[in-house]
Amino acid sequence: MPSKIVYSCHGAAREVTGSCHRIQCGDHQVLVDCGLFQGRRDEEAANAEAFGFDPHGIDALLLTHAHLDHCGRIPRLVKQGFKGPIYATAATRELARVVLMDAARLQEEDAARASRLRHRRGEAERDPLFTLEDVLRTLDLFAEAVPYNQAIQITGGIHAEFIDAGHILGSACILLSLEDGDATRRIVFSGDVGCSGRDILRDPNPAPAADYVVMESTYGDRNHRSLAESIDEFYEAISRTLARGGNVVIPSFALERAQEILYYLHRGTKDGHLPQGTPIFLDSPMAISATEIFRRHPEGLREAFAEELSHDDPFATPNLHFTRDASESMAINRIEGGAIIIAGSGMCTGGRVRHHLKHNLWRDKSSVVFVGYAANGTLGRRIVDGARRVRIFDEIIQVNASIHTINGFSAHADHDGLLNWLGDSARRLVMLVHGEQERGMRVMNDTLTARAFQVALPELNTPVALA
Ligand SMILES: [Zn+2]
């Protein structure tokens, strides 16, 4: 009987968000990630579209890490009939819980708002993509935590090994060993690859030998500034803003970046790079919860940092306020200058940061410091790209604040970092995903082709036979 090992991409094909990959091995099927599309013009429709496979037929799901663009469509998958186990590391399980609960709340709020508008127009209400109940059912499916570097049997002839990706706490690349009849194949999914030489997380492990590699290419077209330069730039932007009496707004992802920012604020204040006594607000319930999860998972951290965490609090700074309540968050809006405000979402597509932008973008003394990636089409990207005016909550806001983009904090490996991760052992095929087609993906394609790799850019919902 001919063997049947097939790969297909169901999200993050020729774009950055929506990661979802399917492997069929004989009669069994597994998914690697099932993330939300973010920042697309047709985002709502894209997330509501059929998956391109039958969720009932999927035996198991393996999750590389807890970012929403990798886990955000799982509740919908469950709603549509997926009942298999979900495999993830211990930290990813905990972070995914926080991320998905928050996403359900946003889905329900957005749907309620849209429904009110539609109602007035005499149109049908809009259902949320998924609800809190769908998330709770999803959380029940998480299997026992998967340790790094240990092969586990998933189903049929499919084995998996999770390997530290150094991207966010708990993140992993996943190596699948596939057996069907006489055919055996190894395919590695990069998930998101982190940067080396960071303070909190370990370096990403290099990719293991495999026949096929499915690799992200978010920053495949550039090399980041060094971390040390970026930290200096960060301190400089903050000090200048505070000196002229403005507020510093830092749109930040709740996971990883927020903790990194807290750590550098801690260090900068301690070392005298930042003024003492500045009020700092972490205005993100999700980031506050994530910070607690970091404290509970020293096994996912760099040894020196875990050591520091055991006797000091490297996330704390005098005058740091964690604001969980909406009323506390609103009180921050009344501060005209002299504060540092960290809030989500990192791409400014939702969350409390939009309120802080509304209150600070028009002030010429304030500044907005971007410390992470902002996808095409998002409010964050428009500001980074120099928009003079932006629309926030149906209001046009003039951009007078200084805008800083500090890209050395990136949680994603850059061009050289991806090549280091990939190594040069002979491989059959590198499939590039999770990148902008005309940027990271194109440049990485050129580089790899010049180095004699075979490269493919998978298309959405299109099967590729591996054996
Ligand atoms: Zn990620």
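Good morning. Please keep in mind throughout that the model is predicted.

Consider His167 and Asp192, a pair that links distant parts of the chain. His167 sits in the loop between β7 (158–164) and β8 (172–180).

I now turn to the helices. Two packed helices are described by the angle between their axes and the distance between the axes. Let us apply this to helix α6, residues 227–243, and helix α7, residues 257–271. Their axes are 11 Å apart, and the helices pack at an angle of about 75°. Angles of 65 to 115 degrees count as roughly perpendicular, and therefore α6 is described as roughly perpendicular to α7.

Which residues meet in this contact of α6 with α7? From α6 come Leu227, Ile231, Phe234, Tyr235 and Ile238. From α7 come Ile261, Tyr264, Leu265, Arg267 and Gly268. By class, eight residues of this contact are nonpolar, one is polar and one is charged.

Helix α7 has a further partner, helix α8, residues 285–296. The axes of α7 and α8 come within 9 Å and cross at roughly 75°. The two helices, α7 and α8, are therefore roughly perpendicular to each other. On the α7 side, the contact is made by Ala258, Gln259 and Leu262. On the α8 side, it is made by Ala287, Ala290, Thr291 and Phe294. The contact of α7 with α8 has five nonpolar residues, two polar residues and no charged residues.

Next, some words on the backbone. Most residues other than glycine have a negative phi, and most peptide bonds are trans.

The peptide bond from Gly344 to Ser345 is cis, and its omega is near 5°. Ser345 belongs to the loop between β14 (340–343) and α11 (353–360).

Ala12 has a positive phi, near 70°, although it is a residue other than glycine. Its place is the loop between β1 (5–9) and β2 (20–25). Is Ala12 buried or exposed? Its relative accessible area is 0%, so Ala12 is buried.

His434 also has a positive phi, near 50°. His434 lies in the loop between β19 (429–433) and α14 (440–450). With a relative accessibility of 2%, His434 counts as buried.

Gln38 is located in the loop between β3 (28–34) and α1 (43–48). Why does Gln38 count as buried? The cut-off for buried is under 20% relative accessible area, and Gln38 counts as buried because its relative accessibility is 19%. Setting aside residues up to four places away in sequence, Gln38 touches Thr17, Glu43, Leu68 and Asp69.

Ala46 is part of helix α1. Its relative accessible area is 3%, so Ala46 is buried. Between the C-alpha atoms of Ala46 and Gly18 there are 9.1 Å in space, while the two residues are 28 residues apart in sequence. Apart from its neighbours within four places in sequence, Ala46 is in contact with Phe37 and Arg40.

Ala465 belongs to strand β21, residues 464–465. What is the relative accessible area of Ala465? The value is 61%, so Ala465 is exposed. Not counting residues up to four places away in sequence, Ala465 touches Ile5 and Val6. The C-alpha atoms of Ala465 and Gln24 are separated by 9.4 Å, although these residues are 441 residues apart along the chain.

Thank you for your attention.

Key
Residues are numbered from 1 along each chain as its sequence is written. This is a predicted model: local features need pLDDT of at least 70, side-chain atom pairs count only at pLDDT 80 or more; totals for chains, interfaces and linings use all residues. Side-chain values use heavy atoms; hydrogens and water are left out. Axes are lines fitted to C-alpha atoms, for helices over the stretch in contact, and angles run from 0 to 180 degrees between N-to-C directions. Helices (H or I, at least four residues) and strands (E, at least two) are DSSP runs, numbered from the N terminus. Angles under 35 degrees count as roughly parallel, over 145 as roughly antiparallel, 65 to 115 as roughly perpendicular and the rest as oblique. Contact means heavy atoms within 4.5 Å. Ala, Val, Leu, Ile, Met, Phe, Trp, Tyr, Cys and Pro count as nonpolar, Asp, Glu, Lys and Arg as charged, and the others, Gly among them, as polar. Buried means under 20% relative accessible area, exposed over 50%, partly exposed in between (1.4 Å probe, protein chains only).
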